[in-house]
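Subject: Handing over the structure

Dear colleague,

I am passing this structure on to you, together with some notes on what turned up in it. Please have the sequence and the view open as you read.

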Amino acid sequence: MIEDKNQQRTDLGQLGEFGLIEHLTQNIEIKHSSTLTGIGDDAAVLDFKDKKTVISTDLLVEGVHFDLGYVPLKHLGYKAVVVNVSDICAMNAKPTQITVSIAVSNRFPVEALDELYDGIKLAAKIYDVDIVGGDTTSSQKGMILSITAIGEADADELVYRNGANDNDLLVVTGDVGSAYMGLQVLEREKEVFKVNPNNQPDLDAYTYLIERQLKPEARKDIKELLKALEIQPTAMIDISDGLSSEIIHISKASGVGCNLYEEKIPIDPQFINVCEEFNIDSTTVAINGGEDYELLFTIKQSDYDKIKGNPNFTVIGHMTPESEGTHLITRANTKIPLKARGWNSLTENKE
Ligand code: ADP
Ligand code: MG
């Protein structure tokens with residue numbers, strides 16, 4: 001959508017594989033004492049002493065997980081780091097290192113990869129993680145990006161999906177649904193642009209939603225917040241596939257059921273307006289739309305007073321015996337079974 005005619009184009013072939021790696025990884029600093037050796041040898045060497053090590057990987061494929069028609073490369077790099085950091089945060093661990101692997105076709109000039117790396121490096125700086133390695137290769141078509149995030153935690157701080165108990169409270173950080181509606185707005189503008197490339201979209205009414213889609217943030221702050229409040233969640237997961245799906249994951253892993261209350265689900269006013277504009281039910285999107293990267297966790301009832309009134313947290317439900325199943329309790333007080341990926345258009349071509 002946004003094109004700069006004066007862009008410089010340096011062919012990837014000009015640098016070659018080693019030249020490219022050197023170019024992309026220049027000026028990368030190591031900040032964590034747990035990083036003994038970073039980029040430059042056959043493998044990175046890390047030392048977490050008496051801490052546990054947490055590792056998570058994601059693979060992003062052009063045309064499946066991202067569309068360079070409207071996702072700027074810098075945002076893509078940033079988001080790719082964020083989604084992995086988010087998985088480390090969802091274990092209640094502290095992210096410390098990442099590795100970055102890319103496969104690109106020669107349709108991309110060096111400058112495009114610089115942009116991608118600007119986003120990766122910015123996220124690494126903001127989330128305070130060392131870039132300690134990766135791999136660089138060519139692809140016949142399109143771009144593939146894989147990031148691995150590594151983190152550390154004390155053994156007794158780690159939170160798994162399987163620790164929720166009957167009567168625990170279900171809590172979510174921030175608000176949900178906006179990232180999905182941001183994607184709807186971007187898809188719509190892409191169609192408009194196809195018809196009339198001179199049309200400059202007016203996106204003022206959608207800034208929050210688009211930011212949630214293009215530049216999501218991981219809740220790295222929550223581990224410290226919970227620690228200060230002396231709360232150890234019983235189970236935790238990050239919201240990548242949608243609230244409904246994540247609730248089912250926690251419930252299944254923990255062997256409990258869950259009641260989610262429609263009226264409690266935190267949503268943004270801009271999100272409500274845009275759902276009306278698109279004629280989509282806001283609750284359906286709030287529970288099925290993914291990519292919010294907020295954290296969803298359960299706590300003991302006795303911890304309720306510690307989070308009551310805290311703007312970072314909303315209690316949205318409670319866990320039940322497994323035999324009761326997982327349900328949404330609507331404003332009209334009807335009970336609807338939760339479905340994982342209940343809405344096919346949300347998940348087409350996505351995994
Ligand atoms: P090898 O032949 O062992 O795979 P490479 O030549 O691919 O080694 O990589 C050299 C060094 O650069 C390694 O430390 C590797 O981890 C790092 N590296 C390679 N590609 C990237 C990348 N895209 N981003 C960050 N580090 C990279
Ligand atoms: Mg290699």
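D42 counts as exposed, because there are 6 C-beta neighbours inside 10 Å and the cut-off for exposed is 12 or fewer. Please keep in mind throughout that this is a predicted model. D42 lies in the loop between strand 1 (35–37) and strand 2 (45–46), and D42 is listed by UniProt, in an unreviewed entry, under "binding site" together with S56 and D87. These listed residues span 46 residues in sequence and their farthest two C-alpha atoms are 26.0 Å apart, so they do not all gather at one spot.

S56 has a setting of its own, in strand 3 (residues 52–61). S56 is buried, because 21 other C-beta atoms lie within 10 Å and 20 or more are enough for that class. Leaving aside the neighbours within four places in sequence, S56 is in contact with N84, D87, I88 and A149, and D87 in that list is also one of the residues that UniProt gives for "binding site".

Within strand 4 (residues 94–104) you will find I102, which is buried, with 25 other C-beta atoms within 10 Å. Once the neighbours within four places in sequence are set aside, the contacts of I102 are T136, I144 and L145. I102 and T137 are 35 residues apart in sequence, while their C-alpha atoms are 6.4 Å apart in space.

Next comes the ligand. Around ligand 1 there are 14 residues, of which I39, V100, G133, G134 and T136 come nearest. Helix 1 (12–25), strand 4 and strand 5 (130–138) are the elements that give two or more residues to this shell, and strand 5 gives the most, with 5 residues. By class, the shell around ligand 1 divides into 6 nonpolar, 5 polar and 3 charged residues.

On the division of the protein chain, the assignment gives domain 1 (12–153) and domain 2 (169–347), with C-alpha centres that lie 27 Å apart. The contact between the two takes 17 residues from domain 1 and 18 residues from domain 2. On the side of domain 1 that touches domain 2, helix 2 (73–89) and strand 4 each supply at least two residues, and the largest share, 9 residues, comes from helix 2. That side of domain 1 has 10 nonpolar, 4 polar and 3 charged residues.

N167 is placed in the loop between strand 6 (143–153) and strand 7 (169–173). With 13 other C-beta atoms within 10 Å, N167 is partly exposed. Apart from the neighbours within four places in sequence, N167 is in contact with Q301, H318 and M319; of these, H318 is 151 residues away along the chain, yet the C-alpha atoms of N167 and H318 are separated by 5.9 Å.

Two further strands deserve a look. In strand 8 (residues 235–238), A235 and I237 point one way and M236 and D238 the other way, and all of them are buried. Strand 8 pairs with strand 10 (residues 295–299) in the antiparallel sense over 4 bridges, and in this pairing I237 stands opposite L296.

Strand 12 (residues 326–329), by contrast, has a covered face, made by T326 and L328, and an uncovered one, made by H327 and I329. Strand 12 pairs with strand 9 (residues 256–261) in the parallel sense over 4 bridges, where Y261 stands opposite I329. Strand 12 is also joined by 3 bridges to strand 13 (residues 335–337), and these two run antiparallel, with L328 opposite I336. Strand 12 and strand 13 form a hairpin with 5 residues between them, and N333 in the turn has a positive phi of about 65°.

With best wishes

Technical notes: Residues are numbered from 1 along each chain as its sequence is written. Chains are lettered from A and ligands numbered from 1 in the order in which they are written. This is a predicted model: local features need pLDDT of at least 70, side-chain atom pairs count only at pLDDT 80 or more; totals for chains, interfaces and linings use all residues. Two residues are in contact if their C-beta atoms, placed from the backbone, lie within 7 Å. Two strands pair if DSSP finds at least two bridges between them. A residue is near a molecule or strand if its C-beta atom, placed from the backbone, lies within 6 Å of it. Ala, Val, Leu, Ile, Met, Phe, Trp, Tyr, Cys and Pro count as nonpolar, Asp, Glu, Lys and Arg as charged, and the others, Gly among them, as polar. Domain bounds come from an automatic or database domain assignment. UniProt positions are given in the numbering used here, feature names are shortened, and annotations may be inferred rather than shown by experiment.
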